[in-house]
Amino acid sequence: MNPATYGGDEVSAIVIDIGTQTTRSGFAGEETPRSVVPTAFGYLNLSSSHYHHQSTSNSNLAGEDGDVGASISTSGDGDNSMAVDAPSDRRTPEGESNLNLNGNGNTNGNTVNGNNKRGKVEKRFFMGDQGVNMWREGMEVGSLMRDGIITDPEALPHLLHHTLHTSLSLPTSEPTAHPLLLTEPAWNTRQARELLAEVAFEGEGVPGVYIACSSVLSAFAAGKGTALIVDVGSDLVSVVPVCDGYAIRSGTKRQPLSITLLNSQIQTFLKHSHSSTSLLPHHLIKSRKPVGLGQPPQVQWNQARVDKTTESWKSYWTNKVVDGWREGCAEVMVGGYSPELARSKPTKMYEFPDGYGAQFGEERFRLTESIFNPEAFLDKTIAPPEQLYATPSAPTAHPLNELRGLADLVHDSVFAVDSDHRAVLLQNIVLVGGGSTIPGLADRLNHELSLKIPGSKLKIHAPGNSIERRHSVWLGGSILASLGTFHQLWVGAEEWKEHGPAILAQRELRL
Amino acid sequence: MEVDAGNEEQARTARQAENGNGAASGSGSVNKDNDDGKFKVPEREFPIPTRKIIQIEGRRRDDLVPHQGLTSSHSNSNVATKPSTRNQAQSFNQPGQAQIQAPEKMDGLTRELYALIGDNAPSLAQVRAELAGLGGVGGSGRQTPFQPSNRSTPLTLHHWRPLPTAPIIQGTAGKVEEKDPFEAFGREGNGPNVMSYSQVEYEAWLTDDKWTPHETNYLFSLLKTYDLRFLVVTDRYAYVPPGGKTGQDGTMEEIKDRYYTVCRRLLRNRPAVDEAFKEKMVKAFDYDIHREVARKKYANSLFHLTRPQMLEEEALYVELKRMEQTERRYRSDREELMRVMGGLDSGVLVPGEQGNRAFGRGEAIGVGVARGADGSVLADKLKKRRRGEDGEPAQDVDMPPPPPVKKKVDPMFGEYERNNITRVPPQPGQLTTSRNTHQPVYLRSTRLPTPKPHLATKTNALLSQMSISTVRLVMPTRDNVVALEKVIHSAEGLVEMKRLVDRVEVEVRTLKAQRDGIVPTPAGAATGSAAVPVDSSGSAGVEDLTPKSEDGPEMTGSVPKSVSAQARRVIF
């Protein structure tokens, strides 16, 4: 519904939830985010890729025919399409781009200048849907987040700029009148929070900023003030107790046993058992012919592209292809994995982008079992993706070598909280995150928890609506920022100027 | 288009919905349907077009259908809200009658219908009406800057406000809406009161070995920040001592203990008007840290009960329930049996005790409190019943209720006396058969016949004169008991007789004296007040004459022979 006609308390606040996988943005008071774009971004090292840059248009034009994914935008002016999402002016040489960044916002300019002084290569960023999702010659894929925390001060301004002005189509010319609600995990560091606020205030010149805890927002989205938020994200699984709208940090548990790790296991399995598939995306395919089930694919590769594809882009997209298989096939057995039972379940057919198709049966259940039983089912010989090593060893975090089952994690979290509050938490378990949509996961969690904590009443609230499940943090932010009482909490631009980052610590949610 | 009268409006609405072009076209079609074709709408129909416009704005026929029925059947009931009516009035080109008051309250069947819809599903018509009130779905608005009133520092936010549309309604609308357009943004949350103290108060009352003033201040600031949510305060507690670097944790119990102790001391020491209220407040802040720690420990252990333990507990509970049930069934069966076999009382005394013993066994195997409580209740019941069994027969058999006898006999005596009739008290009958119900077994020696209580002293005196003991029999055979009973009975008869004789003699003497004129005749002998002197004189006479009457040897002389003979028979 149109916020202008409906929202009672709306102030046209913008809610941006930067997740590991996707960044959701939209106006407060709405029920779905306006835009959901990948958080990962593409970049070119300008000085080094200059020559590639020049030749790109040629190669693009040459290899146009078989191009499935990027053909729309690469036709005609190759240069233009490449920089379409970069905040800097298009079609300008590198030096001018730098100038433009300086003109655009202080932070951007500072960042780039600083980099220049340190002698780093200058980068050209491609954010949003048409960033990583498009093939570009020599484009690397970067990630903004490590351990759920924003760690890349260089790309963040670009992401924010892209979100505000491309995804939400706000005009760049006039100063914005929209306050900005941003999210952070319960274990966020002070530096990351201050970086976020700094970019928002000084890069985008927003009138007000508030940084809310994502778990609290998930609880609000479920309509609860007290809840145990089980967030199965892309890199991390986190369990955060929320009491009266405050995340209880001492009860927080997180570990990198989630979709990314699962996908790396799946990828290895697919490579071993179905070695004929390439797991490469359609961007690199020129043409393909249909083949029978289990037959090696007959595909003609777009060799010009394959040769100039970077490793990071390739692994990003391989992961996406594998994730497609995961979304299509993977399931969790409610009563625990047993080979006999898994074999008796119906098989599923899945076809990869290169045309290879096969029936998948028992492995659909075996691979996901590692979420609940990492000791027995997680193949330790497979090297986990590099970004998962960022999680430290702490009372509230399990690194890769101390992984626990999901139910154990929930159990530990609940029992880290004072005994008087446990019953309420156990009756308000909220399952959110894109990873939680694996069929059977909620039932399995319920089953295991009821075995672990037999004496207590359990209730798992798992929204059936996929949007509510995936974007629960954004939804909670949308609710929060449209409340009249909330407006006292905005950190105003003047306060920021006066007090600096210290003001952030003083503003915690109080309703 | 041909439509019958009943469906006319409905059809019209539908047609407008087809037109679907907002107010102007809607009003146009209404006019067309009117006979004269002028821009005039019958007053009766005003509310209806209002609704129609609202519906038309939806531009979806399927949205309209359920509400059209409503409209057509109640053309005069107004469902639409105020502002839309105003807009409507304007669009109908009747500036003079623009201020049409659409009643806010629905009545009649319409209201009932809306009540049926309930809270959860707002009617589409209502929602659209509200939207129209906000300036219409397609209405234009403006971002109006404002500053939320609940902020300490200024911050300018923007809110979409509908632009005032029509000059006619602007006056009223402006007045109504401009009261506090941004009130909703200024609401403040108010938490509970956290006590505070001054430096002087701290030094006087609040010093504590474990807590420095600095840390106490820190604690209270945290409590204030988090509105006394101890869980959150415990989570965020990271006290950094003035010289130190790392934060220190505190347990929730310590934090609570400190807070409540401070509150108690403050309340106790601060002067208060109402002492009782003060005491109550101090009580309200009671906190026993040791008990609390023990309680949490216990709660934790409950949470960590393993599955076998839970199962064991459950099994024990089921066992307990089962035993209770068996017990109850057993008892009721037995009672039933006893009643059938020989009356209720014959067996219950002993089985009742058995029941108690069964409970004792139950407790010994540790079945639990419920059983114990239940057992005690049952035991009480049994005790009560036993007491009743003991008491009732005793009353009935051994001492036949004296008060009714007295009450019955006394007035009768008056009559008999007047008629010169002398009666002995009625035969008490067989001592053992006064009740129809079955008598429990008893030893004969425990129920020896005793004289009637009101005659007991005189009868006992008489019997002791004859050296007969009423308390014990050497050989309480059946015959002996019967004989003793007879002896006592005869003695009682004698005593009673003698008393009556004495009384009659006194009366005769009194009457003689009255006849002789020695004593004045009472005026109203029948009245109670007049009876007093007679009684007093009578009693005085009795007192006077008793020695004489006791001396009378003939009365007793003849009877004792038989009595003593009987007695002798009883004893030997």
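Over all chains, the count comes to 37 salt bridges. The model is predicted. Three of these pairs are listed here.

| Lys or Arg | Asp or Glu | N to O distance |
|---|---|---|
| A:Lys452 | A:Asp408 | 2.9 Å |
| B:Arg236 | B:Asp235 | 3.2 Å |
| B:Arg295 | B:Glu292 | 2.8 Å |

The salt bridge between A:Lys452 and A:Asp408 links distant parts of the chain, 44 residues apart. A:Lys452 sits in helix 18 (residues 441-452) of chain A, and A:Asp408 in helix 16 (residues 406-415) of chain A. A:Lys452 counts as partly exposed because its relative accessibility is 33%.

B:Arg236 and B:Asp235 are both buried.

B:Arg295 and B:Glu292 share helix 14 (residues 289-303) of chain B, 3 residues apart, about one turn of the helix. B:Arg295 is partly exposed at 36% relative accessibility, whereas B:Glu292 is buried at 15%.

Chain A has an open sheet of 6 strands, ordered 3-2-1-9-10-21, with mixed pairing. Strand 3 (35-38) and strand 21 (491-492) of chain A are the edges, each pairing on one side only. Strand 21 of chain A runs antiparallel to strand 10 (residues 208-213) of chain A, over 2 bridges. There, A:Gly208 stands opposite A:Gly492. Helix 7 (residues 156-167) of chain A packs on the sheet and touches strands 1, 2, 3 and 9 of chain A. Its direction makes about 135 degrees with that of strand 1 of chain A.

Last, the surface. B:Leu337, B:Val340 and B:Met341 form a nonpolar patch with about 360 Å² of accessible area together. B:Met341 belongs to helix 15 (residues 307-342) of chain B, and counts as exposed at 67% relative accessibility.

Definitions and conventions: Residues are numbered from 1 along each chain as its sequence is written. Chains are lettered from A and ligands numbered from 1 in the order in which they are written. This is a predicted model: local features need pLDDT of at least 70, side-chain atom pairs count only at pLDDT 80 or more; totals for chains, interfaces and linings use all residues. Side-chain values use heavy atoms; hydrogens and water are left out. Two strands pair if DSSP finds at least two bridges between them. Helices (H or I, at least four residues) and strands (E, at least two) are DSSP runs, numbered from the N terminus. Contact means heavy atoms within 4.5 Å. Axes are lines fitted to C-alpha atoms, for helices over the stretch in contact, and angles run from 0 to 180 degrees between N-to-C directions. Patches are made of residues with over 30% relative accessible area and no salt bridge: like charges are joined within 9 Å, nonpolar side chains (Val, Leu, Ile, Met, Phe, Trp, Tyr) within 5 Å. Accessible areas come from the Shrake-Rupley method with a 1.4 Å probe; for residues, only the protein chains shown count as cover. A salt bridge is a side-chain nitrogen of Lys or Arg within 4 Å of a carboxyl oxygen of Asp or Glu. Buried means under 20% relative accessible area, exposed over 50%, partly exposed in between (1.4 Å probe, protein chains only).
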